[in-house]
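Please read the points below alongside the sequence and the model.

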Amino acid sequence: TNSGKVVTAWYTVENGKNIPHHTLENDDYTDKPWFKNAIGSSYRSGVYAVFTEPYIDPTTNRLIITVSQEVKANKEQVGCVAIDIPFDEIKKFVQNINLLNTGYVLLANADGTILVDNNRNTFIKSSLTTLPNWDNIKDQNQVNTQINLNGQTVNVVIFNDEITNWKLVGVVSEKEISDSLNTIVYFTLGTALIGIILGIIIAIAVTTMIKRKLNYMNKAVSDVAKGDLSQNIQLIGNDEFTDLANNFNKMITSVSILIRNVDSASHALLKSSDEIATISSETSDSTKNVFAAISDVAHSTTNQAHRIQEASIHVDNLGSILAETNAYINKQLSPGSQNPLDTDPSSVFNDIFTRATASTNIAITKVENIAADSEEVAAAAEEVSDLTKNVNQSLIKLDEHTEELKYMAKDLKAALSHFKLKE
């Protein structure tokens, strides 16, 4: 402390527990370098601590360094805390750093004095100040330079630590770097060559596999294009080709089902067209028979109408004759003429004429009714005849469409016969 007191603290481990210890001594360390350098030290890379140069500890007679930092209370400096670190550990660490096969690392202070040397060091002796352009590079944080020392070209890399202001120096001969680079280049080239060869082999193998699968699938597609729908692509794997093959098989199955349905429909269509043609033929024959029968009825009705008209004429003539006979008889039996009969003949003939006239009128009426019915029958027969002709024309068109339908069904069936479907 500032008052010349020294507090020494440490701890021991007893039964797995850390036991702290301390002592209070009346020693004045305020004139020590580690105390003076710590007072008012600046903030560097996150710390205020300062590091001393290596020195011999008078107590242990070992080479150590001291790390110290000032202590403040209520913003007033009251002392300094310090810790001693054996420098042998740092020295061992630095000397165990190897760069390639013959390269090594040195540790120097801010002035260039070598703190940790290396048994392989044959280029730099005791201080970095022997390096060319030392004045230009000593204040730089990082230096990478190539120097000719003792007739050999070496690469020197210097890193400056901001906290301790020490310098870590790496030294590697140019020849070893070149040899190592050549080894790396050869190794890289060899690795690249092996990679290229393996890549070519793998590419050929993959290409062959892909080509084999493509040829297999191409053959199946070609067979399908020729009408063979019984193809089923079998690919083993878990890649895009297997997915494509599965989708292709599903498509072929769907198309086969569709073609079967169309084939069944064409069979039914062909059968229906044959049945329609048979029915149409039978209907046509029946219509022809009906037409012939109606024609006969119409012809017979017409002849009957003519005969009835002739009978009507004869009946009219008979009525006229009867009327003339009646008039003649009435004339002969008029007063003054001789009557050889006991009864009055005029009454007899009048009665006969009256009955004959009544019968004639009835006959004429019936003949006229029959003639009227015959005309109606003839007109109906004519209408039925026209209707029969229309039916025949419709049946002819139906036959034509049925034939077209039959040809279409046969063509469809012939087209479907080229396909070979899955069982």
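Helices (H or I, at least four residues) and strands (E, at least two) are DSSP runs, numbered from the N terminus. This is a predicted model, in which local features need pLDDT of at least 70 and side-chain atom pairs count only at pLDDT 80 or more, while totals for chains, interfaces and linings use all residues. Residues are numbered from 1 along each chain as its sequence is written, and side-chain values use heavy atoms, with hydrogens and water left out.

**Overall make-up**

- Six helices and 13 strands occur in the protein chain.
- Of the 423 residues in the protein chain, 27% are buried; buried means under 20% relative accessible area, exposed means over 50%, and partly exposed lies in between (1.4 Å probe, protein chains only).
- The protein chain exposes about 28,400 Å², and 57% of this comes from carbon and sulfur atoms; accessible areas come from the Shrake-Rupley method with a 1.4 Å probe, and for residues only the protein chains shown count as cover.
- Contact means heavy atoms within 4.5 Å. Taking contacts in the protein chain between residues at least 6 apart in sequence, 47% join residues at least 24 apart.

**Salt bridges**

- Side chains of opposite charge can pair when their charged atoms come close.
- The structure holds two salt bridges, each defined by a side-chain nitrogen of Lys or Arg within 4 Å of a carboxyl oxygen of Asp or Glu.
- D179 and K175 are four residues apart in helix α4, so about one helical turn separates them.
- D179 is partly exposed because its relative accessible area is 36%, whereas K175 counts as exposed at 60% relative accessibility.
- A salt bridge also links the side chains of E70 and K72, with an N to O distance of 3.9 Å.
- E70 counts as buried because its relative accessibility is 18%, while K72 is exposed, with a relative accessible area of 53%.

**Surface patches**

- Patches are made of residues with over 30% relative accessible area and no salt bridge; like charges are joined within 9 Å, and nonpolar side chains (Val, Leu, Ile, Met, Phe, Trp, Tyr) within 5 Å.
- For charges, Lys and Arg count as positive and Asp and Glu as negative, with His and the chain ends not counted; the place of a charge is taken as NZ of Lys, CZ of Arg, CG of Asp or CD of Glu.
- E25, D27, D28 and D31 form a negative surface patch.
- Within this group, D28 is in the loop between β2 (17–25) and α1 (33–38), and D28 counts as partly exposed at 47% relative accessibility.
- L193, I194, I197, L198, I201, I202, V206 and M209 make a nonpolar surface patch of about 710 Å².
- Helix α4 (residues 174–225) contains L193.

**Positive phi at non-glycine residues**

- N74 is not a glycine, yet has a positive phi of about 55°. N74 sits in the loop between β5 (63–73) and β6 (76–86), and counts as exposed because its relative accessibility is 76%.
- N165 also has a positive phi, of about 65°, and is not a glycine. The loop between β10 (152–160) and β11 (167–173) holds N165, which counts as partly exposed at 35% relative accessibility.

**Two threonines in loops**

- T52 is placed in the loop between β3 (50–51) and β4 (55–56), and counts as buried because its relative accessibility is 8%.
- Apart from neighbours within four places in sequence, T52 contacts W34, I65, T66 and W166.
- The C-alpha atoms of T52 and F35 are 9.9 Å apart in space, and the two residues are 17 residues apart in sequence.
- T130 is in the loop between β8 (114–116) and α3 (134–137).
- With neighbours within four places in sequence left aside, T130 is in contact with I124 and K125.
- T130 and L149 are 19 residues apart along the chain, with 9.9 Å between their C-alpha atoms.
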